[in-house]
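Biologist: Hi! Could you walk me through this model while I have it open on my screen?
Modeller: Happy to, let's bring it up.

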Amino acid sequence: MEVIPCPDRDRAVALTARLIEARLRAKPDLVLGLATGRTMEEVYARVVASGVSFARCTTFNLDEYVGLPPEDPNSYASYMRHHLFDHVDIDPARTHLPDGMASDLAAAAADYEAKIAAAGGIDLQLLGIGESGHIGFNEPLSALRSRTRDKILTPTTRRQNAGMFGGDCGAVPKRALTMGVGTILDTRELVLLASGAAKAAVVARAVEGPLTSRVSASAIQLHTSCKVVLDAEAAAELEDTDYYRFVCSNEEKWDGYRDLL
Ligand code: F6R
């Protein structure tokens, strides 16, 4: 794992966007794993502004609420159209989200896994982190080998996401269909972005704490190509930030990003 501490949110977001852009330019037929949430909104705005082409790109989102149709403004399908798909040259047929409206959620989950496999697996998976320690919607005690399936959302997550439902926790769906921790670990590269003081404690547990299903994000410690991009607030509770900075400042691969570090 590499931790990339950035001075502020703008630069952490810009660095993440530039990584996506670089991967797309290097491999136009990239299979890109996408995340939603507030953290990613500015990332997508920057990727759109970069003008990079998505014409040959295939995407798979991490998760979708159960019971919200794609046209519901709070569905992640709507989020993706609003923040990314409607503004780039992506072929809608190449965009995928789990089917939260399926009458058979287990079959929809298996179908999603099959589609990812048929696409050759995911090259780059974007991740946020929830205050409950989730990646995707893998809430505490998600098996570290889990595959796509439906999960009950924790009260913490429903509170965290209530803002998008008019501040009403009760309006946030109770379940979501999410890639599993194992599905996420199978991707070829992970980039996790976190910003803000509310994420500092959980980031420290995920990055420096023990590997535990209580914090599903700690599973990123098992991945052989994982970058964690943080602003100063989200990095505030890490113990070894000086070391992470030392590594970044000595790694040539970050030379093109020095303006953001
Ligand atoms: C969303 C997702 C979640 C979010 C996480 C952070 O697709 O998978 O894991 O990334 O809840 O959300 P924000 O960015 O809203 O704090």
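**Around the ligand**

Modeller: One thing before we start: this is a predicted model. As for the ligand, one of its oxygen atoms is 2.8 Å from a polar backbone atom of G136.

Biologist: Where does the ligand sit?
Modeller: You'll find the ligand in the largest pocket.

Biologist: How many residues surround the ligand, and which are the closest?
Modeller: There are 14 residues around the ligand, and T36, T39, D63, H134 and K199 are the closest.

Biologist: How does that shell divide into nonpolar, polar and charged?
Modeller: Eight residues of the shell are polar, three are nonpolar and three are charged.

Biologist: Switching topic: where is T187?
Modeller: T187 is in the loop that runs between α6 (181-185) and β9 (189-194).

Biologist: Is T187 buried or exposed?
Modeller: T187 counts as buried because its relative accessible area is 4%, and the cut-off for buried is under 20%.

Biologist: What lies 2.7 Å from a polar atom of the T187 side chain?
Modeller: That would be the backbone oxygen of I184.

Biologist: OK, on to V207. Which helix is V207 in?
Modeller: V207 belongs to helix α7, which covers residues 200-208. V207 is buried too, with a relative accessible area of 12%.

Biologist: How far is V207 from M1?
Modeller: Along the chain V207 and M1 are 206 residues apart, yet their C-alpha atoms are separated by 8.4 Å.

Biologist: Last one, R81. Where is R81?
Modeller: R81 is part of helix α3, residues 76-83.

Biologist: And why do you call R81 partly exposed?
Modeller: Because the relative accessible area of R81 is 32%, and partly exposed is the range between under 20% for buried and over 50% for exposed.

Biologist: How far apart are R81 and L211?
Modeller: From C-alpha to C-alpha, R81 and L211 are 35 Å apart in space, with 130 residues of sequence separation.

Biologist: Great, thanks!

How values were computed: Residues are numbered from 1 along each chain as its sequence is written. This is a predicted model: local features need pLDDT of at least 70, side-chain atom pairs count only at pLDDT 80 or more; totals for chains, interfaces and linings use all residues. Side-chain values use heavy atoms; hydrogens and water are left out. A residue is near a molecule or strand if one of its heavy atoms lies within 4 Å of it. A polar contact is a pair of N or O atoms within 3.5 Å; within protein, one must be able to donate a hydrogen and the other to accept it, and residues adjacent in sequence count only if both atoms are side-chain atoms. On a 1 Å grid over the protein atoms alone, a cavity is a set of points where a 1.4 Å probe fits but cannot get out, and a pocket is an open set with protein on both sides within 12 Å along at least five of seven lines; lining residues have an atom within 4 Å of a point. A molecule sits in a cavity or pocket if more than half of its atoms lie within 2 Å of its grid points. Ala, Val, Leu, Ile, Met, Phe, Trp, Tyr, Cys and Pro count as nonpolar, Asp, Glu, Lys and Arg as charged, and the others, Gly among them, as polar. Helices (H or I, at least four residues) and strands (E, at least two) are DSSP runs, numbered from the N terminus. Buried means under 20% relative accessible area, exposed over 50%, partly exposed in between (1.4 Å probe, protein chains only).
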